[in-house]
Amino acid sequence: MKIGLTYTGGEEKHNNYVRWLKGEDDIEIVRLSAEEKNFESLKDCDALVLSGGVDIHPKFYGNPKMDYVGAPEQFNEARDEFEIAAYHFAVENEKPVLGICRGMQLINVIHNGTLVQNHEDDDVGRDHVGNPDKSHEVAIEKDSLLHEITGEENAVVNSAHHQAIARLGSGLVVNAKSDGEVVEGIELAEPTGKPFMLAVQWHPERMFSFNLENTAASKAIRDRFIDEIKRLK
């Protein structure tokens, strides 16, 4: 089994994803990035994980403002374009997709949604922006795929983001929210006949820092993703 994992931009963070995805299984993790120019490697992968990282360039969600509070010194448009193409390729070739943090925001943007550029200075931001991560509760929609996977209506997750979904993208549905109505997860509104797609705002790959690695919000998501890959092999 091979899983394509987009490079988050740092070795330690990348290795957290690798450790979490592999678990005790015989899984090869293929690092994908615009810098390595290895898009072709995705063709040999069984699934795609869109990782966290630098803010998406505002032009991809139709916002001309680039000097907002918290904006990176330099955007990475090459990464945005690479991962947008990777998502389309995965969907078109029926490969399961999992989006984490920035990955969730990117999927929303691909579906013509928009983003809150910064909530660092409001009450929501104080619960979500963090280095190290913060922890908080999320409420999970009962009839959602996420609820089916976790079996929970509420979960404690970690958080480290200053952006969030504003307008939801076409063909998507929200499956979890936290206080302040921050979108914490999305999935396909009409999943029948389409490849598995789930995306969350938190970081299940590093919930070990809160001793939450074996909770449904981390372990069950990973296990279901792996099961979906096996089902197609």
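Q: Which residue with a positive phi follows H3?
A: That is Asn112, with phi near 70°. Keep in mind that this is a predicted model.

Q: Where does Asn112 sit, then?
A: Asn112 is in the loop between H3 and strand E5 (115-116). Asn112 is not a glycine, although its phi is positive.

Q: Is Asn112 buried or exposed?
A: Asn112 is exposed, because its relative accessible area is 56% and the cut-off for exposed is over 50%.

Q: What about H3 itself, mostly covered or mostly open?
A: H3 is mostly covered, with 9 of its 9 residues buried. Among them are Gly103, Gln105 and Asn108, along with Met104 and Val109.

Q: At what angle does H3 pack with helix H2?
A: The angle between H2 (residues 77-92) and H3 (residues 102-110) is about 75°. Their axes are 11 Å apart.

Q: Why give both an angle and a distance?
A: Because two packed helices are described by the angle between their axes and the distance between the axes.

Q: Parallel or perpendicular, roughly?
A: H2 and H3 are roughly perpendicular to each other, because angles from 65 to 115 degrees count that way.

Q: Which residues make the contact between H2 and H3?
A: From H2 there are Arg79, Asp80, Glu83, Ile84, Tyr87 and His88. H3 brings Arg102, Leu106, Ile107 and Ile110. By class, this contact of H2 with H3 has 5 nonpolar, 1 polar and 4 charged residues.

Q: New topic. Which helix does H1 pack with at about 70°?
A: Helix H1 (residues 11-22) packs with H6 at that angle, and the axes are 9 Å apart. H1 and H6 are therefore roughly perpendicular to each other.

Q: Which residues meet there, in H1 and in H6?
A: Trp20, Leu21 and Lys22 of H1 meet Ser218, Ile221, Arg222, Phe225 and Ile226 of H6. The residues of the contact of H1 with H6 are 5 nonpolar, 1 polar and 2 charged.

Q: How many residues are in the largest nonpolar core?
A: There are 34 residues in the largest nonpolar core, and Ile3, Trp202, Ile221 and Phe225 touch the most other members. Helix H6 (residues 216-232) gives the largest share of this core, 7 residues. Apart from it lies another core of 30 residues, among them Leu32, Tyr87, Leu115 and Ala199.

Q: What is Ile221 in contact with?
A: Leaving aside neighbours within four places in sequence, Ile221 is in contact with Trp20, Leu98, Leu146, Ile149, Leu198, Val200, Trp202 and Ala216.

Q: Back to H1. What does Arg19 touch?
A: Arg19 lies in helix H1. Not counting residues up to four places away in sequence, Arg19 touches Glu205, Phe208 and Glu213. The side chains of Arg19 and Glu213 make a polar contact at 2.3 Å.

Q: Arg19 and Arg206: how many residues apart in sequence, and what about space?
A: Arg19 and Arg206 are 187 residues apart in sequence and 9.5 Å apart in space, C-alpha to C-alpha.

Q: And Asn16, is that buried or exposed?
A: Asn16 counts as buried, because its relative accessibility is 15% and buried means under 20%. Asn16 is in helix H1 too. Beyond its neighbours within four places in sequence, Asn16 is in contact with Glu205, Arg206 and Phe208.

Q: Where is Phe196?
A: Phe196 is in the loop between strand E10 (182-188) and strand E11 (197-200). At 9% relative accessibility, Phe196 counts as buried.

Q: What can you say about phi of Glu94?
A: Phi of Glu94 is near 55°, a positive value in a residue other than glycine. Glu94 is in the loop between H2 and strand E4 (97-100). Glu94 is exposed, with a relative accessible area of 52%.

Q: Last one. Where is His147, and what lies 3.0 Å from its side chain?
A: His147 is in helix H5 (residues 145-150). The backbone oxygen of Lys142 lies 3.0 Å from a polar atom of the His147 side chain. Not counting residues up to four places away in sequence, His147 touches Ile140, Glu141, Lys142, Glu152 and Glu153.

Notes. Residues are numbered from 1 along each chain as its sequence is written. This is a predicted model: local features need pLDDT of at least 70, side-chain atom pairs count only at pLDDT 80 or more; totals for chains, interfaces and linings use all residues. Side-chain values use heavy atoms; hydrogens and water are left out. Axes are lines fitted to C-alpha atoms, for helices over the stretch in contact, and angles run from 0 to 180 degrees between N-to-C directions. Helices (H or I, at least four residues) and strands (E, at least two) are DSSP runs, numbered from the N terminus. Angles under 35 degrees count as roughly parallel, over 145 as roughly antiparallel, 65 to 115 as roughly perpendicular and the rest as oblique. Contact means heavy atoms within 4.5 Å. Ala, Val, Leu, Ile, Met, Phe, Trp, Tyr, Cys and Pro count as nonpolar, Asp, Glu, Lys and Arg as charged, and the others, Gly among them, as polar. A polar contact is a pair of N or O atoms within 3.5 Å; within protein, one must be able to donate a hydrogen and the other to accept it, and residues adjacent in sequence count only if both atoms are side-chain atoms. A nonpolar core is a set of buried Ala, Val, Leu, Ile, Met, Phe, Trp, Tyr and Cys residues joined through side-chain atoms within 4.5 Å. Buried means under 20% relative accessible area, exposed over 50%, partly exposed in between (1.4 Å probe, protein chains only).
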